[in-house]
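Dear colleague,

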Amino acid sequence: MRRRLFQSLQKRIPINWESALRPVEVNRFRWGGCRVQFTIQSVSKLILLAVALEDAGFEAVFSKVGMEPSGDQFNSIYRLELVNPHPLNPMVNAGAIAVSSCITGQSVDDRFQKVRRMAARCLGVASVACSEKVFCCETKIGHRNQALAQMMKDKGVIDGAPEEHLAVYYHACSMLTDCHLLSYFGAVLANGGRTPQAEQEILPPQTARLLRVLMASCGLYNRAGEFAFQVGIPAKSGSVGGIMAAVLG
């Protein structure tokens, strides 16, 4: 019966989509070029938050960033300037930069290596590559992100050098993935933080739950409400077009 359900779903997905579906307890299903690599972009915000919670703890992280939907675009400056210097949630760019400031290490590379190791665990691989070309591009043209970081520094929301926090964030966005690997991450979240066959804990259950909740309320920015109504699945989008979703259980 389950296989018939997935076969029915397959007929509804356009053939030119790269897609992968990984149920918690059965084999995965794949469509199109699901092994075509792309940069993870904003899906990495979930990974950054998981590392920050592991490093600094819940209270420290959420003293810098809130949990409320913003209703704004991913890189909005408006609320930081006129409403609240603390980003409304970790899924907007300002929130992810603030979260990155909670990741500790002797250098930017030390901090990013923590993110890479967490990403490898969440994606079910030995290591994760990073596109240096994309990283350099993000660094060169990310003027609005620089403004967000400097504004939060000015307001006392983040400590340390804004450029270093941005470098951690940009490196995270530049990590390479594909639909096949993102389906593994979705299955981890769907399985309460454990691997799809529940053999190993990847994330604490409370972290997995928090990530799912934030995906449901904030994962698609100013379209989160519409997506919740139309689709009803917790999901996180990235600017290159990748979407990772997870249904509990």
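How much accessible surface does the protein have, and what percentage of it belongs to carbon and sulfur atoms? In this predicted model, the accessible surface comes to about 12300 Å², and carbon and sulfur atoms hold 52% of it.

As to the overall fold, the protein contains 12 helices and 6 strands. It has 249 residues, of which 49% count as buried. Among the contacts with a separation of 6 or more, 64% are between residues 24 or more positions apart.

Glutamate 138 is buried but takes part in no salt bridge. Its nearest side chain of opposite charge belongs to lysine 45, 9.6 Å away; a salt bridge would require the charged atoms to lie within 4 Å. Apart from neighbours within four places in sequence, glutamate 138 is in contact with Gln41, Tyr170, Cys173 and Ser174.

The structure also holds 2 aromatic pairs. Phenylalanine 58 and phenylalanine 62 form a pair with ring centres 4.7 Å apart and planes at 35°, and the pair is therefore tilted. Phenylalanine 58 is partly exposed, at a relative accessible area of 40%, whereas phenylalanine 62 counts as buried at 15%. Tyrosine 169 and tyrosine 170 make up a tilted pair, with 5.8 Å from centre to centre and 40° between the planes. Both tyrosine 169 and tyrosine 170 are buried, and tyrosine 170 is one of the residues in contact with glutamate 138.

Yours sincerely

Technical notes
Residues are numbered from 1 along each chain as its sequence is written. This is a predicted model: local features need pLDDT of at least 70, side-chain atom pairs count only at pLDDT 80 or more; totals for chains, interfaces and linings use all residues. Side-chain values use heavy atoms; hydrogens and water are left out. Buried means under 20% relative accessible area, exposed over 50%, partly exposed in between (1.4 Å probe, protein chains only). Lys and Arg count as positive and Asp and Glu as negative; His and the chain ends are not counted. Contact means heavy atoms within 4.5 Å. Rings of Phe, Tyr and Trp (its six-membered ring) pair if their centres lie within 6.5 Å; planes under 30 degrees apart count as stacked, over 60 as edge-to-face and the rest as tilted. Helices (H or I, at least four residues) and strands (E, at least two) are DSSP runs, numbered from the N terminus. Accessible areas come from the Shrake-Rupley method with a 1.4 Å probe; for residues, only the protein chains shown count as cover.
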